[in-house]
Amino acid sequence: MLALETRASPGHTPGCVTFVLNDHSMAFTGDALLIRGCGRTDFQQGCAKTLYHSVHEKIFTLPGDCLIYPAHDYHGLTVSTVEEERTLNPRLTLSCEEFVKVMDNLNLPKPQQIDIAVPANMRCGVQTLSS
């Protein structure tokens with residue numbers, strides 16, 4: 001029987017979770033762990049140090065051949081493995097201190113829809129229609 005285990009993986013946002021198949025063959029990492037990257041931590045109450053520990057303690061402890069499926073990818077990639085990300089992820093192979101410095105200095109532009117998306121996320125996607 002297949003089942004999913006829910007692992008809290010906060011950092012990108014406080015509510016991020018990773019879903020792990022009960023045989024540890026697959027993990028659905030949301031925005032916490034992306035392929036060769038990770039979710040940004042500069043808005044939605046994100047925290048770089050928390051994200052680093054979440055990935056290292058909740059995802060990188062899975063078997064190396066565990067398939068990683070992120071929520072999205074900006075380069076068309078769809079799957080990686082724990083071992084690939086442990087060894088090749090340019091941000092998460094750094095020390096925690098170095099990771100925090102990198103994340104704190106990304107200077108990414110504000111997402112275009114952030115003023116709509118964040119309030120909707122905070123209400124679990126429930127939209128308030130204006131009359």
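Modeller: A residue lines a pocket if it has an atom within 4 Å of a pocket point. The model discussed here is predicted.

Biologist: Which residues lie nearest the centre of the largest pocket?

Modeller: The largest pocket has a volume of about 590 Å³. Its lining consists of 24 residues. Nearest the centre lie His 12, Leu 34, Arg 40, His 72 and Tyr 74.

Biologist: Which element gives the most to the lining of the largest pocket?

Modeller: Two elements give two or more residues to the lining of the largest pocket, namely strand E5 (37-38) and helix H4 (114-122). The largest share, three residues, comes from H4.

Biologist: How many residues of the lining of the largest pocket are charged?

Modeller: Asp, Glu, Lys and Arg count as charged. Of the lining residues, ten are nonpolar and nine polar. The charged ones number five.

Biologist: How are the rings of Phe 28 and Tyr 69 arranged, stacked or tilted?

Modeller: The count of aromatic pairs comes to two. In the pair of Phe 28 and Tyr 69, the ring centres are 5.5 Å apart and the planes stand at 20°. Planes under 30 degrees apart count as stacked, so the pair of Phe 28 and Tyr 69 is stacked.

Biologist: Are Phe 28 and Tyr 69 buried or partly exposed?

Modeller: Phe 28 is in strand E3 (residues 26-30) and Tyr 69 in strand E6 (residues 67-70), 41 residues apart. Buried means under 20% relative accessible area. Phe 28 has 33% and Tyr 69 has 27%. Phe 28 is therefore partly exposed, and Tyr 69 is also partly exposed.

Biologist: What is the arrangement of the rings of Tyr 52 and Phe 99?

Modeller: Tyr 52 and Phe 99 are both buried. Tyr 52 belongs to helix H1 and Phe 99 to helix H3, so their pair ties together parts 47 residues apart in sequence. With ring centres 5.4 Å apart and planes at 45°, the pair of Tyr 52 and Phe 99 is tilted.

Biologist: Which residues does Phe 99 touch, not counting residues up to four places away in sequence?

Modeller: Phe 99 is among the residues with the most contacts inside the largest nonpolar core. Contact means heavy atoms within 4.5 Å. Beyond four places in sequence, Phe 99 touches Cys 38, Ala 48, Leu 51, Tyr 52, Arg 91, Leu 92 and Leu 94.

Notes: Residues numbered from 1 in each chain as written. Predicted model: local features only at pLDDT ≥ 70, side-chain atom pairs only at ≥ 80, totals over all residues. Heavy atoms only, no water. 1 Å grid on protein atoms, 1.4 Å probe; cavity = no way out; pocket = protein on both sides within 12 Å on 5 of 7 lines; lining within 4 Å. Points joined across faces, edges and corners; volume = space filled by probe spheres on them. Helix = DSSP H or I, 4+ residues; strand = E, 2+ residues; numbered from the N terminus. Core = buried A, V, L, I, M, F, W, Y, C linked by side-chain atoms within 4.5 Å. Buried < 20%, exposed > 50% of the residue type's maximum accessible area, 1.4 Å probe, protein only. Phe/Tyr/Trp six-rings, centres within 6.5 Å; stacked < 30°, edge-to-face > 60°.
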